[in-house]
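Subject: A structure for you to look at

Dear colleague,

I am passing on the structure we spoke about, and below it you will find what was found around its ligands. Please keep the structure open while you read.

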Amino acid sequence: MAAPGLFISFEGIDGAGKSTHIDALAAAFRAAGRQVTLTREPGGTPLAEKIRALALHEPMDALTEALLMFAARRDHLRQVIVPALARGDVVLCDRFTDATFAYQGGGRGFDWQSLSILELLAQDAPALGADFVQKTLLQPDLTLWFDIPPAVAAERLAGARVPDRFESQPVAFFDAVRAGYARRAQAEPQRFARINADQPREAVADEVRAALDGRGWL
Ligand SMILES: Nc1ncnc2c1ncn2[C@@H]1O[C@H](COP(=O)(O)OP(=O)(O)OP(=O)(O)O)[C@@H](O)[C@H]1O
Ligand SMILES: Cc1cn([C@H]2C[C@H](O)[C@@H](COP(=O)(O)O)O2)c(=O)[nH]c1=O
């Protein structure tokens, strides 16, 4: 019998270092014989990538930003995530719904209750496909939260690329985003693994591997 699908998300403030570790984890799963779908949010489909370009570069208010994130996510769920999980793939996703609560909720100050309603709407089950039958919201099986002080992340990003709308925010914004992630992690401690990202790459990789060990996935 094919292995059931597995959904792992990678979260953290900009520059935390999550992208650095996604490819290594994909290689580990492939070496274990698993089919891997590597994707990201906002993005992952042609439509969602167009939304990403708008959300990262065009001026807009917090509600517009939140609506765009969920619109992109719905298309991504329909086109990529749900079909991949149904095939039995390991889905490695660079950000998912926790990012909306952390950035639009924590960072922009948008209220969490409204975000929860949008989350429900974006996952409206019948329209996600006949195979998508579930009673609860789709959440990752594991969320790796790369936690780092904003000043350290900013130093890593400095000069690396032209900053987008989020990357150009002040440290205080990322303090609030980080607090948003902490709140999500506290609410669902079994799903979240906090990775201390303020360490050399090898030490971070060891923590990532330790978070996977014991779950029987690799
Ligand atoms: N442990 C580390 N120590 C020092 N520098 C690191 C470490 N991990 C990653 N970096 C560097 O920090 C920068 C940001 O890393 P990366 O792009 O992986 O972060 P990210 O969390 O994916 O950021 P973003 O969400 O903004 O794309 C890169 O230049 C990367 O080489
Ligand atoms: C999913 C999601 C993302 N964001 C923000 C977080 C980042 O600043 C960018 C994505 O860029 P990355 O370098 O690929 O991580 O978008 C957000 O504000 N809300 C979300 O839901």
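Before the first result, one definition is needed: Ala, Val, Leu, Ile, Met, Phe, Trp, Tyr, Cys and Pro count as nonpolar, Asp, Glu, Lys and Arg count as charged, and the others, Gly among them, count as polar. With these classes, the shell around ligand 1 has two nonpolar, five polar and seven charged residues. Please bear in mind throughout that this is a predicted model.

Ligand 1

Ligand 1 is surrounded by 14 residues, and the closest of them are K18, S19, T20, R161 and Q199. If you ask which helix gives the most to this shell, the one to look at is α1, which spans residues 18-31 and supplies three residues. Among the contacts, a polar side-chain atom of T20 lies 2.6 Å from an oxygen atom of ligand 1, while a polar backbone atom of A16 is 3.2 Å from an oxygen atom of this ligand. The side chain of R95 also takes part, with an N or O atom 3.1 Å from an oxygen atom of ligand 1. Taken alone, ligand 1 exposes 630 Å², and the protein buries 76% of that area. As for its location, ligand 1 sits in the largest pocket.

Ligand 2

The space taken by ligand 2 is also the largest pocket, and here 14 residues lie around the ligand, with D14, R52, R95, T100 and Q104 coming nearest. A polar side-chain atom of D14 lies 2.9 Å from an oxygen atom of ligand 2, whereas the side chain of Q104 has an N or O atom 2.8 Å from a nitrogen atom of the ligand. Taken alone, ligand 2 exposes 470 Å², of which the protein buries 94%.

Which helices each supply at least two residues of the shell around ligand 2? They are α2 (46-57), α3 (62-87) and α4 (97-107), and the largest share, four residues, comes from α4. Sorted by the classes given above, the residues of this shell divide into six nonpolar, two polar and six charged.

With best wishes

Terms used: Residues numbered from 1 in each chain as written. Chains lettered and ligands numbered in written order. Predicted model: local features only at pLDDT ≥ 70, side-chain atom pairs only at ≥ 80, totals over all residues. Heavy atoms only, no water. Near = heavy atom within 4 Å. Polar contact = N/O pair within 3.5 Å; in protein donor to acceptor, adjacent residues only side chain to side chain. Areas by Shrake-Rupley, 256 points an atom, 1.4 Å probe, with all protein chains shown as cover. 1 Å grid on protein atoms, 1.4 Å probe; cavity = no way out; pocket = protein on both sides within 12 Å on 5 of 7 lines; lining within 4 Å. Sits in = over half its atoms within 2 Å of the grid points.
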